[in-house]
Amino acid sequence: MAGFRPVDDALAYLAGSWHVERSVRDLASGATGAFSGTTVFEPLDDDGSGPFEGLLHRESGTFEWQGVARPAERTLRFLPGDGASRADVRFADGRPFHDLDLATGRHVTDHPCSADLYRGEFTVYDADHWRTVWRVGGPAKDLVLTTDYTRT
């Protein structure tokens, strides 16, 4: 998968079901982990009566860390941004997470979290494959999380 694929409509591109494989590396300790599961981006209608409000991102699967496997899940909201290639990504409770702009097929963004900084890089390879790499640094964290998404 060489190069980036520009995306004119971020929410339309993301909509649907994706197989997820994530590796987690703790650069300080050398520990590694892995997540395997699915992410579904489905239409978000906040009150059930209005027009399309964005996408609800539901991720579920199994996370294995230091030999122990546990169920894991998270929910995010991908809301329309300023332009079709953009999205405003929020946590499930509505707090801001990060911006996203897939116009060039690649986007770098930051999310400050207390004393830690999350720097995310989003790369679109083609219609059915994209990747995120989050580098997390702070007083107690030194992590790299690499997630590959494949459309199902």
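I note at the outset that this is a predicted model.

**Strand pairing**

I began with the partners of strand 2, residues 32–43. Strand 1, residues 16–26, runs antiparallel to strand 2 and is joined to it by 10 bridges. Within this pairing, I located Val24 opposite Gly33 of strand 2. On the other pairing, I found 11 bridges between strand 2 and strand 3, residues 55–65, again in an antiparallel arrangement. Here Thr39 has Glu59 of strand 3 as its bridge partner.

I then examined the hairpin of strand 1 and strand 2, which has five residues between the strands. Gly30 in this hairpin adopts a positive phi near 85°.

I next looked up residues other than glycine with positive phi. Gln66 has a phi near 50° and sits in the loop between strand 3 and strand 4 (68–81).

Ser114 has a phi near 55°. I placed Ser114 in the loop between strand 7 (106–113) and strand 8 (116–126). With a relative accessible area of 80%, Ser114 is exposed too.

**Aromatic contacts**

How many aromatic pairs does the structure hold? I recorded 11. For Phe41 and Phe78, the ring centres lie 5.1 Å apart and the planes meet at 85°; the pair is therefore edge-to-face, the cut-off being over 60 degrees. Because Phe41 belongs to strand 2 and Phe78 to strand 4, this pair ties together parts that are 37 residues apart in sequence. Phe41 is buried at a relative accessible area of 2%, and Phe78 counts as buried at 4%.

I then turned to Phe122 and Trp130, whose ring centres are 6.5 Å apart. Their planes are at 15°, so I list the pair as stacked. Both residues, Phe122 and Trp130, are buried.

I also checked how these rings group. Phe41, Phe78, Phe122 and Trp130 are among the members of one aromatic cluster, which also includes Tyr13, Trp18 and Phe91.

**Charges over rings**

Finally, I searched for charges over ring faces. Arg95 lies over the face of Phe91, 4.5 Å from the ring centre. Arg151 lies over the face of Tyr13, at 5.5 Å from the ring centre.

Key: Residues are numbered from 1 along each chain as its sequence is written. This is a predicted model: local features need pLDDT of at least 70, side-chain atom pairs count only at pLDDT 80 or more; totals for chains, interfaces and linings use all residues. Side-chain values use heavy atoms; hydrogens and water are left out. Two strands pair if DSSP finds at least two bridges between them. Helices (H or I, at least four residues) and strands (E, at least two) are DSSP runs, numbered from the N terminus. Buried means under 20% relative accessible area, exposed over 50%, partly exposed in between (1.4 Å probe, protein chains only). Rings of Phe, Tyr and Trp (its six-membered ring) pair if their centres lie within 6.5 Å; planes under 30 degrees apart count as stacked, over 60 as edge-to-face and the rest as tilted. A charge sits over a ring if NZ of Lys or CZ of Arg is within 6 Å of the ring centre and within 35 degrees of the ring normal.
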